[in-house]
Amino acid sequence: MNSIEKKKKSLVKRILKWTGIGFAVLLAILIAIPYFFKDDLKKMVIDEVNKTLNAKLSMGDFDLTFISTFPSMTIELNDTKLEGINEFKGVELANIKEFSAEVGFWNVVGGDQIEIKAIHLVEPKFDVRILKNGKANYDIVKPDSVKPVEQAEEPSNFKLSLKEYSITNGSVKYDDQTSDMLLAIQNLNHRGKGDLTADIIDFETTTSMDKMTFNMDGVSYLSEVKTNFIVNLLMEFSENSSKFTLKENEFKLNALTFSLDGFYEMFEKSSNMDFKINAAQATCKDFLSLIPTFYQSGYESMITKGSLDFGGFLKGKMDDKNMPAWDFNLNVANASIKYPDLPGTIKNIVVKAASTFKGGTNMDDMTVDVDKFHADFAGNTLDATLKMRNPMTDPLLVAKVLAKVDLATLKQVIPMGDGESYKGKLKADVNLNGRLSAIDKGNYEAFKASGTLELWNMLYKSKELNDQVEIANLIFRFSPKNLSLEKLIAKTGRSDFQMNGTIDNYMGYVFRNELLKGVFNFTSNTLDLDQLMNLVPSSPATTNEVKKEEKPHTAVNSEPMLIPDNIDFNLSTAISTVYYNKMAIKNVNGGVKIKDEVATLSNLTMNTMGGLVGLSGDFSTVDHYKPAVNFAYNLKDIDVTELATNFVTIEKIVPITKYAQGKISSTFNMKSSLTANLDPIYPSLNANGDFSTKSLTVSGFKPLEELATALKKEAYAKQTLKDVYLKFKLTDGKLSVAPFDVKLGKMNANIAGYTSLDQSINYDIKLLVPKEEIPAEMIKTAEKALTKVNSMLPKLNIAAIPAIIPVKVNMIGSVTNPKINTDFKEALLAATGNLKDNLANAKQAIKDTAKAVINQKINEVREDLNAKKAEIMADAQRQADKIKAEAKKQADELKAQAKKEVDNLVSNAGSNPFQKKAAEIAGNKITKIADDKINKINAEADKKADAILQEAKERADKIK
């Protein structure tokens, strides 16, 4: 009995022992797998994704772990980026700081279907763009015609059955240029859960956004609105449709809270929907939170009264021809707005507005009405009405605006910012009544449009501005034909503005997005662009950032100032003085035409930098992310020092200007793409033109100083160039100068070459050096050479040094570190006549004599020496061949053993996809190790063989 008990205990111990050992081995494997295979898995993922996408995937660190999340396996990707190509090059569709996914470990090891349990994104940034031609940067999946040929598609081994997914601190930018729509979201936090592979899904989500902005057709519908959503959906998927039914939900935009009831169902070619908005609990104060003026200044303390009725529905079919019906309304009655710390109240607020559409194909049935808008405050009144019918065919517009406001009273009803104040009077009395067809036909009497908008004695101050803004008088007059800017007189800082003009087709622009035409005259006595560009002061953080960086940083994704695509404006300009970059520019005159996203300058002239500048050409933002310029310049008698000081681009392209004094003239054409900050993209910069000067003094220019040193004429380090004319072109980052003549001191020179934008140089200079300019030490060297030659060959006829010596100079290196090569000495010797030929003949005669003396002895011993050398090399070759044969035998054995191990791994893996992939990765590892050993064996054999042959060659070479 005791022996049986002992055997049982022994068996239990062995089971525990080997179970523990087995667990320890498994634990070691779990820890080791990520270490050994993560680089291979990372490369596999990147390669496979890049094969199927017209984009470039990259990622930083990659981790695969089992320990902390066991029995789940966690895949972690850091700094994952998906960057576009071609026109989207440099645009990151996705940039995810951290991506992690949890999958069932035992599913991976032995299961047929692998469940993805959770996905988490930390600090993702999404930048979605649709260009005007309809091309989208998210359309990146390669068409079947360019995909790699693959086997027939197998059923998926993955099931997206999420217990949880999340986005933390994300940002989204959606820019659709086809519909002029922009959505921007900052600090997006989103969580949800649901089995996304089921036919019926209970989907629960929560969402918050610190800032959401939505613009469309130039109208800002939401501006940096704080948003919170709680949305529970029932998603039902069938063969014919996908239906999304809203369950419990709550939407919060700033302080406005509402919910939606209904569903949205998608079919193959159409959609059906039925939504009703529920905002029964919303108050006037909640609705005002959507208006930045109220929400950003004392909103919490604001007191409102009055009733609010806001609601509506969206119901029906939507496809290529049909739109769903809708009916939305907003009614505010007997409302008021009061801030406790202010004496005045905005009262008698009334809003009655609605929009309806009965649904179907005829959008002309849509209606928009503002039956009443009214408010009183501090003795001021605001009234407006609007009625719009038949917007798609022949729009009818009936509108009226009445306003009488003393701007100084705003501080009585609205909190002002620190240092903010208004003065002046605003008066508006505008009436519009008629159909657009009357204007189209020129029947202006049938369209009633009258009234004025006037602003006078306006003064605005704010700590947000470095200077106050004054508008002495502004008059806008309405008529059926056009809007007339009769007068604008304004001033800020030391800049003054006077402007007048007309705007045509304003109704067509509003209702049909037709071309808006305008003609304006702009005059100014003083326009200080330095002040205007700094009108809004930089924040301390921004200032510190700029100081920290050597040059401003331009984000790839940033967008430049854009020129509208549907305006046609002509502007005539006459400005007495413009201050720019601390330069005083006088008598600026010319025209600017703005059309089709291009601003064209015509015959713009100005006096600056001591001379006259003429400019024509265009600035284009047709490509929103890469604007371009195409300008023709005409510079006459410009001070070169001022030019280099004020325009960094000139100094970079023509570095000699920084070291020059004098006046220059130039005509040239320039084309370049620009950054979002409107700086040239230098590799794209192309130009051609000419340059001339009557007198230009150059000193401190390193290439010229090095040339003077090479010529042993230090006085030439400073030059005054007279009557220079040259032609140049700038392509591929190189400013090339065609051959031109110039006088350097008493030397005539012909110069050609280039300077690159990276400041590298390569110039060929042909000098004609007068004999009296040849340095004394160089003449002495030449005379010594002549005396030596004459003593050796007294019969040679050597001519005297001529009056002019042609010398070639090659200048290379960089602007700051030039290298000078000359043929000065060779040119002196060559210039003495037939010296070169006589020396060559003398050398040949000496060689022939020596050769005749030694050839006989060489022939006597050559055969014996060659035979001995051949014997040494043959013996060495036999030894080398033997070493390589032995190495090949070892390599073949290693290769066969590796193949056997790989075949066993593949065979044991079976049909499990992860086991097969693990076997493939392990097999690649084994093959690589074997190949490395084989390469090492071959390399060592080659090294030994080469050493034997080299030693034999050295022995053979010693036999002479």
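This is a predicted model: local features need pLDDT of at least 70, side-chain atom pairs count only at pLDDT 80 or more; totals for chains, interfaces and linings use all residues.
Reader: Let's start with Ser241. Why is Ser241 called buried?

Author: Its relative accessible area is 10%. Buried means under 20%, so Ser241 gets that label with its 10%.

Reader: Where does Ser241 lie?

Author: Ser241 sits in the loop between strand E9, residues 219-237, and strand E10, residues 242-253.

Reader: And what makes the link between Ser241 and Glu265 a polar contact?

Author: The side chains of Ser241 and Glu265 are joined at 2.9 Å. A polar contact needs N or O atoms within 3.5 Å, one able to donate a hydrogen and the other to accept it.

Reader: Which residues is Ser241 in contact with, leaving aside its neighbours within four places in sequence?

Author: They are Glu236, Glu265, Met266 and Phe267. In each case that word stands for heavy atoms within 4.5 Å.

Reader: Why does Asp79 count as partly exposed, while Asn334 is called exposed?

Author: Exposed means over 50%, buried means under 20%, and partly exposed is in between. Asp79 has 41% relative accessibility, so it falls in the middle class. Asn334 has a relative accessible area of 68%, so it counts as exposed.

Reader: Now helix H11, residues 702-710. Which residues of H11 are buried?

Author: Pro703, Leu704, Leu707 and Ala708 are.

Reader: How do you know that the buried residues line one face of H11?

Author: Look down the axis of H11: its buried residues fall within an arc of 140°, so they line one face of the helix.

Reader: What covers those buried residues of H11?

Author: The cover includes strands E31 (686-698), E32 (719-731), E33 (734-744), E35 (761-770), E36 (804-813) and E37 (818-822). Just after H11 comes Lys712, which has a positive phi of about 60°.

Reader: How many salt bridges does the structure hold?

Author: There are 21 salt bridges.

Reader: What makes Asp369 and Arg389 a salt bridge?

Author: Their side chains meet at 3.1 Å, N to O. The cut-off is a side-chain nitrogen of Lys or Arg within 4 Å of a carboxyl oxygen of Asp or Glu, so this pair qualifies at 3.1 Å. Asp369 lies in strand E16 (residues 367-377) and Arg389 in strand E17 (residues 380-389), so the pair ties together parts that are 20 residues apart in sequence. Asp369 counts as buried at 13% relative accessibility, whereas Arg389 counts as partly exposed at 23%.

Reader: What makes the pairing of E16 and E17 antiparallel strands count as a pairing?

Author: Two strands pair if there are at least two bridges between them. E16 and E17 have eight, in the antiparallel sense, so they pass. Within this pairing, Phe377 stands opposite Asn380 in E17. The two strands form a hairpin with two residues between them, and Ala378 in the turn has a positive phi of about 45°. E16 is also joined by eight bridges to strand E15 (residues 345-357), running antiparallel. Val351 has Phe373 in E16 as its bridge partner.

Reader: Why is Lys713 with Glu773 still a salt bridge, with the closest N and O atoms 3.7 Å apart?

Author: The limit is 4 Å, so 3.7 Å is within it. Lys713 is in the loop between H11 and E32, and Glu773 is in the loop between E35 and helix H12 (776-792), so the pair ties together parts that are 60 residues apart in sequence. Lys713 is partly exposed, with 23% relative accessibility, and Glu773 is buried, with 10%.

Reader: What about Glu486 and Arg477?

Author: Their side chains meet in a salt bridge of 2.5 Å, N to O. Glu486 counts as partly exposed at 38% relative accessibility, and Arg477 counts as partly exposed at 36%.

Reader: Which residues are linked in a network of salt bridges?

Author: Asp568, Lys593 and Lys595 are.

How values were computed. Residues are numbered from 1 along each chain as its sequence is written. Side-chain values use heavy atoms; hydrogens and water are left out. Helices (H or I, at least four residues) and strands (E, at least two) are DSSP runs, numbered from the N terminus. Buried means under 20% relative accessible area, exposed over 50%, partly exposed in between (1.4 Å probe, protein chains only). The arc is that of the directions from the helix axis to the C-beta atoms.
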